[in-house]
Amino acid sequence: MTFRSSTRHLVSAAAALPLVLLAGAAAAQELDLSALLPDGAGSASGRIVQFVALITVLSLAPGLLIMVTSFTRMIVALSFLRTGLGLQTTPANIVVISLALFMTFYVMGPVFDRAWQDGIKPLTQNEITEEEAYARVTEPFREFMLEHVRPRDLELFAELAGVEVTAEEATELRMLVPAFMISELRRGFEIGFLILLPFLVIDLIVATLIMSMGMMMMPPTVIGLPFKVLFFVLIDGWNLIVGSLVRSFA
């Protein structure tokens, strides 16, 4: 038994010897932290700060998409349309949001292409710095927002910030983005009001007919809903709504 035990210990030691040698060789090598940093990085801490900022921007990407694009006007108008029809869950939220997103991509296509060609693509090819890429990427969105923002809304946030808007090109994003958002909300509500008007007329006509027939307990929405849906289909409402929303940014 002693001989067998000794043999087992020798075999185990022989098997562990290569692992010990590899561990010693790995420990003998020095870890070069400078190889982990690309050329031009000031320090590891600075690169970490940039990485954290990138993660933060990516986490806020959906919010940024809503704030600086035409998505706000699209989704508000489509929400008013569903309310006017009297359909709370039809079309489903995923359908309405997807339609608004694709309409946004269609409207913002030239802006996205310019931001990619002028800013993101040169950055990925190490042709420009991060600061220059940021300026080039935000410039197309700045021009788009300046084209559609109401001067009154922009003056409001400039007044709140305590600055004077002397040149549109020099407008800071901290004033331009919220001004653009409330401008889009106002236009979305204006479009929603125009969408609701014909459905309101149908509801009034149906309610008047029900009252004249003495059907006091019959909800007007029960009878009015089929007529509103039929009216919307006959006038090719989806074509009119989508076409009008896209042309409003022309």
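View 1. Glu-184 is placed in helix H9 of a model that is predicted. With a relative accessible area of 0%, Glu-184 is buried. Beyond its neighbours within four places in sequence, Glu-184 makes contact with Ser-70, Thr-72, Arg-73, His-148 and Phe-249. One of these residues, His-148, is 36 residues from Glu-184 in sequence, and the two C-alpha atoms are 8.2 Å apart.

**View 2. Arg-73 over the ring of Phe-249.** Arg-73 and Phe-249 are both among the contacts of Glu-184. Arg-73 also lies over the face of Phe-249, at a distance of 3.8 Å from the ring centre.

**View 3. Aromatic pair between helices H4 and H9.** The structure contains nine aromatic pairs. One of them joins Phe-80 and Phe-189 in an edge-to-face arrangement, with 5.1 Å from centre to centre and 75 degrees between the planes. Phe-80 belongs to helix H4 (residues 71-85) and Phe-189 to helix H9 (residues 173-212), so the pair ties together parts that lie 109 residues apart in sequence. Phe-80 is buried, at 18% relative accessibility, whereas Phe-189 is partly exposed, at 47%.

**View 4. Aromatic pair of Phe-232 and Trp-238.** The rings of Phe-232 and Trp-238 also form an edge-to-face pair, with centres 5.4 Å apart and planes at 85 degrees. Phe-232 has a relative accessible area of 7% and is therefore buried. Trp-238, at 38% relative accessibility, counts as partly exposed.

**View 5. Cluster of phenylalanine rings.** Phe-102, Phe-105, Phe-112 and Phe-141 are joined into a cluster by ring pairs.

**View 6. Packing of helix H9 against helix H10.** The axes of H9 and helix H10 (residues 220-234) are 9 Å apart, and the two helices pack at an angle of about 140 degrees. This angle makes H9 oblique to H10. The crossing of H9 past H10 is right-handed. On the H9 side, the contact is made by Pro-198, Phe-199, Ile-202, Asp-203, Val-206, Ala-207 and Ile-210. On the H10 side, the contributing residues are Pro-220, Ile-223, Gly-224, Phe-227, Lys-228, Phe-231 and Phe-232. Phe-232 thus takes part in the helix contact and is also a partner of Trp-238 in the edge-to-face pair.

Conventions: Residues numbered from 1 in each chain as written. Predicted model: local features only at pLDDT ≥ 70, side-chain atom pairs only at ≥ 80, totals over all residues. Heavy atoms only, no water. Phe/Tyr/Trp six-rings, centres within 6.5 Å; stacked < 30°, edge-to-face > 60°. Helix = DSSP H or I, 4+ residues; strand = E, 2+ residues; numbered from the N terminus. Buried < 20%, exposed > 50% of the residue type's maximum accessible area, 1.4 Å probe, protein only. Lys NZ or Arg CZ within 6 Å of the ring centre and 35° of its normal. Axes fitted to C-alpha atoms, helices over the stretch in contact; angles between N-to-C directions. Parallel < 35°, antiparallel > 145°, perpendicular 65-115°, else oblique. Left-handed = near helix turned anticlockwise from the far one by under 90°. Contact = heavy atoms within 4.5 Å.
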